[in-house]
Amino acid sequence: MTERTRAHVFVSGTVQGVYYRATTRDTARDAGVDGWVKNLEDGRVEAVFEGPEDAVESMVEWCHEGSPAADVSDVQAEFEAPEDEDGFEIRY
């Protein structure tokens, strides 16, 4: 089995109201990555990606572009121990 890892990510810029969460969910599911994504009150998007190391790193890189309408200014990611996320959802 491939080693699982977890990335806790905060994305800044124009990332709300531009389908960032939905596109993140769809991209993560296609990549076989578990976790969640949600909007924060301060305008950022928070996400957790958990799965094979290469897939999680790919999702963190993807966050720098995001949805076509997004304008990402910063991505902060911290790698953590996996917490057995199952599936990928949008949280509210």
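Predicted model: local features only at pLDDT ≥ 70, side-chain atom pairs only at ≥ 80, totals over all residues.
View 1. Residues are numbered from 1 along each chain as its sequence is written, and side-chain values use heavy atoms, with hydrogens and water left out. Strand 2 covers residues 34-39 and strand 3 covers residues 45-52. The two pair in the antiparallel sense over 6 bridges. Two strands are said to pair if DSSP finds at least two bridges between them. Strands (E, at least two residues) and helices (H or I, at least four) are DSSP runs, numbered from the N terminus.

**View 2. V37 has partners in strand 3 and strand 5.** In strand 3, V37 bridges to A47. In strand 5, the partner of V37 is I90. Strand 5 spans residues 88-90. Strand 2 and strand 5 run parallel, joined by 3 bridges.

**View 3. Strand 3 also pairs with strand 1.** The pairing is antiparallel, with 8 bridges. V9 stands opposite A47 of strand 3. A47 is also the bridge partner of V37. How many of the 8 residues of strand 3 are buried? The count is 7, so strand 3 is largely enclosed by the rest of the structure. Buried means under 20% relative accessible area, exposed means over 50%, and partly exposed lies in between (1.4 Å probe, protein chains only). The areas themselves come from the Shrake-Rupley method with a 1.4 Å probe; for residues, only the protein chains shown count as cover.

**View 4. The hairpin of strand 2 and strand 3 has 5 residues between the strands.** G43 takes a positive phi here, near 100 degrees. R44 sits in the loop between strand 2 and strand 3. D42 and R44 form a salt bridge, their closest N and O atoms 2.9 Å apart. A salt bridge is a side-chain nitrogen of Lys or Arg within 4 Å of a carboxyl oxygen of Asp or Glu. D42 is exposed, at 52% relative accessible area. R44 is partly exposed, at 25%. How far apart in space are R44 and F79, C-alpha to C-alpha? They lie 19 Å apart, with a separation of 35 residues in sequence.

**View 5. D34 and R4 meet in a salt bridge.** Their closest N and O atoms are 3.2 Å apart. D34 belongs to strand 2 and R4 to strand 1, so the pair ties together parts that are 30 residues apart in sequence. Is D34 buried or exposed? D34 is buried, with a relative accessible area of 15%. R4 is partly exposed, at 24%. Both residues belong to a network of salt bridges. The network links R4, R6, D34, E50, E80, E83 and E85. The structure holds 10 salt bridges.

**View 6. R25 and D26 join through their side chains.** Their salt bridge has an N to O distance of 3.1 Å. R25 is partly exposed, with a relative accessible area of 22%. D26 is also partly exposed, at 37%.

**View 7. G17 lies in the loop between strand 1 and helix 1.** Strand 1 covers 4-14, and helix 1 covers 20-31. G17 counts as exposed, at 80% relative accessibility. How many residues separate G17 and D86 in sequence? They are 69 residues apart. In space, their C-alpha atoms are 26 Å apart.

**View 8. A negative surface patch includes D54.** Its members are E3, E53, D54, E57 and E61. Patches are made of residues with over 30% relative accessible area and no salt bridge; like charges are joined within 9 Å, and nonpolar side chains (Val, Leu, Ile, Met, Phe, Trp, Tyr) within 5 Å. Asp and Glu count as negative, Lys and Arg as positive; His and the chain ends are not counted. D54 lies in helix 2, which spans residues 53-62. D54 is exposed, with a relative accessible area of 57%.

Methods
Charge placed at Lys NZ, Arg CZ, Asp CG, Glu CD.
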